[in-house]
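Please open the model in a viewer and keep the sequence panel in view. The stops below are given in the order in which they may be selected.

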Amino acid sequence: MSQLDVRQKLEILADAAKYDASCASSGTVKRDSSKGKGIGSTEGMGICHAYAPDGRCISLLKILLTNSCIFDCHYCINRKSSNVRRARFTAREVVDLTLAFYRRNYIEGLFLSSGIIRSSDYTMEQIVEVARALREDHDFRGYIHLKTIPDADPELIHQAGRHADRVSINVELPTERGLKRLAPEKSGARIEGAMAGLRAAIADTADARGRYRHAPDFAPAGQSTQMIVGADAATDGDIVMRANSLYDRFALRRVYYSAFSPIPDASAVLPLSRPPLMREHRLYQSDWLIRFYGFAAEEVVAAADGETGMLPLDIDPKLAWALKHRDRFPVDINRAPRAMLLRIPGLGVKAVDAILTARRWRRLGLADLARLTSSVARLRPFLIAEDWRPVALSDAADIRPLVAPRRRQQLELFGA
Ligand code: SF4
């Protein structure tokens, strides 16, 4: 490991970090260096948000401190028994790389995670040192997201929150059963205990800053977590309910999903093939329905197949819910409350708000809707407009073929 230069380490440790999906840089406070103070910004000119074709954010320097680990989680390519090339950055190397990438305008911040070396506390100390040096020694004002280690001393996790915009702890598997089977050295209770500690610290800080302007910040972009999808037997229903419970109990900003990707020399307890990437996408759509469309988690679960507990892959969960609740449609776009307009498949939040504004002045017809959505034909069975009432369509036994989008080829998660 010691003969590797920084470039080689970067190659290994950036590649090893790609399995972590939780890198979106949203929701933090405004900091900038445009007046000549400090370096870096969380917004403004010259900062580009780039996304890979699969939707992952790539505008952060996203690396591991090391891909060595004393744990042996079955699903992880960096586990102790894995036969991968190992590398390790020093804290100083990560600081220098972040500053160099930032000055070249390649990135807007840092996403730092790590395998566990020596002990959870030692690893956490190294992670905290990177963030401390960036903030205190270099006045770095860009975005920092730190993965924290649930078993580490709470004081170290607290220090991470002092320097980072966002902190996260991966719950890893949707069920305790899955965690015990695939990551036996991890404890669901310890993970949730650490998340509860972060929630309390974030809430205390928000309270203190409401009263004292100069109270120190703590993870202003909140905490998030990630679940691996498809490595265990958890259904989409299990996953949606678990995510919902995490949002409620720990005030998470985001739950990220990462479709399990088979790894070299995989353990026999893992599935042989990856789940369809569309499964991850449908779970993100479910997450969106709960956070922005007023759906209860139970309603999203009701859209899943009653026997398998899985959401359909060929249609989105909102359409699946609508097809199972035909009695709630058609919805009159000129009279229905916002909550019901949001239930119409194919109508997004912006389109619904535009309808609410426009209908104050006149009654809306299909031509008005056509200006707000990409396919009014698919919406028609679900709505009533000034010039449209879908009598025959809403009585039809099976309207699914009329409203389901045509099938597209499934993309590979890390395909070449
Ligand atoms: S602790 Fe993290 S890095 Fe180590 S094997 Fe488990 S998932 Fe991988």
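Begin with isoleucine 127. Leaving aside residues up to four places away in sequence, Ile127 touches Leu65, Leu112, Ser114, Leu146 and Ala160. The model is a predicted one, and the contacts described on this tour are to be read accordingly.

Ile127, together with Leu112 and Ala131, has the most contacts inside the largest nonpolar core, a set of 102 residues. Helix H3, residues 120–137, supplies the largest share of this core, namely six residues. Colour domain 1 (6–275) and domain 2 (317–403) separately: both give residues to the core, so the core lies between them. As a general matter, nonpolar side chains tend to be buried together in soluble globular proteins.

Now display the whole protein chain as a cartoon. The chain contains 16 helices and eight strands, and 42% of its 416 residues are buried. Of the contacts between residues at least 6 apart in sequence, 67% join residues at least 24 apart.

Move to the loop between helix H6 (188–211) and strand E5 (223–229), where alanine 219 is found. Ala219 has a positive phi, near 40°, although the residue is not glycine. Is this residue buried or exposed? Alanine 219 counts as buried because it has 27 C-beta neighbours inside 10 Å.

Select it in the loop between helix H7 (236–250) and strand E6 (254–259). Alanine 251 has 15 C-beta neighbours inside 10 Å and therefore counts as partly exposed.

Continue to leucine 270, in the loop between E6 and helix H8 (277–292). With 16 other C-beta atoms within 10 Å, Leu270 is partly exposed. Its contacts, not counting residues up to four places away in sequence, are His74, Tyr75, Ala231 and Pro262.

Show the buried residues of H8, which are Leu277, Arg279, Glu280, Arg282, Leu283, Ser286, Asp287 and Leu289. What covers them? The covering elements include E5, H7, E6, helix H9 (297–302) and H10. Just after H8, select glycine 294, whose phi is positive at about 75°.

The last stop is proline 330, in the loop between helix H10 (317–324) and strand E7 (331–332). Display the backbone here: the peptide bond from phenylalanine 329 to proline 330 is cis, with omega near 0°.

Methods:
Residues are numbered from 1 along each chain as its sequence is written. This is a predicted model: local features need pLDDT of at least 70, side-chain atom pairs count only at pLDDT 80 or more; totals for chains, interfaces and linings use all residues. A nonpolar core is a set of buried Ala, Val, Leu, Ile, Met, Phe, Trp, Tyr and Cys residues joined through C-beta atoms within 7 Å. A residue is buried if 20 or more other C-beta atoms lie within 10 Å of its own, exposed if 12 or fewer, and partly exposed in between; C-beta atoms are placed from the backbone. Helices (H or I, at least four residues) and strands (E, at least two) are DSSP runs, numbered from the N terminus. Domain bounds come from an automatic or database domain assignment. Two residues are in contact if their C-beta atoms, placed from the backbone, lie within 7 Å.
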